[in-house]
Amino acid sequence: GGVAALFERRMLNDHGSIGLQGKYGNGPGIERTMAGIVGKLHMPSLRTMLLAEANIVHQEIPVVGGSNQFVGAAGFATFPTRGLILTVLGERNHQDIAIKGTAWNAGTVLLSWFPYPHFEVAAMGRLQFPEGQDTTQTFLFQVHYFL
């Protein structure tokens with residue numbers, strides 16, 4: 001089970017917001033607690049939204065013990081024309097901040113097109129750079145219809 005909460009304060013004539021979030025979850029053999037901050041800034045003249053998120057996650061596994069992680073992302077989403085969304089994100093995930101070599105960085109580009117209601121064509125490209133390992137590459141293309 002689990003629980004999540006988000007408190008967000010709008011600012012800058014509703015073009016920006018800053019928020020605090022928390023989550024707790026547990027299951028067989030694991031318990032996770034997360035606390036973080038989120039921020040967004042909408043720039044209507046550029047049809048773009050800047051976004052960022054940073055979190056500290058405490059993970060407890062009874063047999064192994066606990067660890068603290070850092071998980072963060074920042075980037076932008078832009079709407080160049082009606083029905084088209086381009087999102088670019090940079091990510092950082094440090095699996096255990098007490099141990100070197102347990103982190104990865106990634107860059108993700110998402111392109112979504114909504115030509116008709118309930119219909120989406122999406123493409124995603126991602127490069128992930130694990131510390132001390134080879135770069136991984138992911139490409140996804142999807143046609144999606146939803147109700």
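The protein has 0 helices and 9 strands. Along the sequence, the pattern reads β-β-β-β-β-β-β-β-β.

Before we go on, this is a predicted model, where local features need pLDDT of at least 70, side-chain atom pairs count only at pLDDT 80 or more, and totals for chains, interfaces and linings use all residues. Residues are numbered from 1 along each chain as its sequence is written, and side-chain values use heavy atoms, with hydrogens and water left out.

The C-alpha trace spans about 50 × 40 × 30 Å along its principal axes. The protein has 147 residues, and 22% of them are buried. Buried means under 20% relative accessible area, exposed means over 50%, and partly exposed is in between, using a 1.4 Å probe and protein chains only.

As for pairing, two strands pair if DSSP finds at least two bridges between them.

Let's go through some of the pairs. Start with β3 and β4. They are antiparallel and share 13 bridges. Ile37 sits opposite Ala54 in β4. The hairpin of β3 and β4 has 4 residues between the strands, and there Arg47 takes a positive phi near 50 degrees.

Move on to β4 and β5. This antiparallel pair has 14 bridges. Glu60 faces Gly66 in β5. Here the hairpin connects the two strands through 3 residues.

Further along, β7 covers residues 103-116 and β8 covers residues 119-130. They run antiparallel, joined by 11 bridges. Ala106 has Gln128 in β8 as its bridge partner.

Now the aromatics. The structure holds 1 aromatic pair. The rings of Tyr116 and Phe119 have centres 6.4 Å apart and planes at 55 degrees, so the pair is tilted. Rings of Phe, Tyr and Trp (its six-membered ring) pair if their centres lie within 6.5 Å; planes under 30 degrees apart are stacked, over 60 edge-to-face, and the rest tilted. Are these two residues buried or exposed? Tyr116 counts as exposed, because its relative accessibility is 57%. Phe119 is at 26%, so Phe119 is partly exposed.

Leu12 counts as exposed at 55% relative accessibility. Asn13 counts as exposed at 72%. Asp14 counts as exposed at 53%.

Look at the backbone there too. Most residues other than glycine have a negative phi. Leu12, which is not a glycine, has a positive phi near 55 degrees. Asp14 is not a glycine either, and its phi is positive, about 65 degrees.

Asn13 and Gly65 are 52 residues apart along the chain, and their C-alpha atoms are separated by 46 Å.

Last topic, the pocket. Rolling a probe the size of a water molecule over the atoms shows where empty space is left. Here a pocket is an open set of points on a 1 Å grid over the protein atoms alone, where a 1.4 Å probe fits, with protein on both sides within 12 Å along at least five of seven lines; lining residues have an atom within 4 Å of a point. The largest pocket has a volume of about 240 Å³. That volume is the space filled by probe spheres set on the points, with grid points joined across faces, edges and corners.

Which residues lie nearest its centre? Lys23, Met34, Asn55, Val57 and Val71, out of 16 lining residues. At least two lining residues come from each of β2 (16-27), β3 (30-43), β4 (48-61), β5 (65-81) and β6 (84-94). By class, the lining has 6 nonpolar, 5 polar and 5 charged residues. Nonpolar is Ala, Val, Leu, Ile, Met, Phe, Trp, Tyr, Cys and Pro; charged is Asp, Glu, Lys and Arg; polar is the others, Gly among them.
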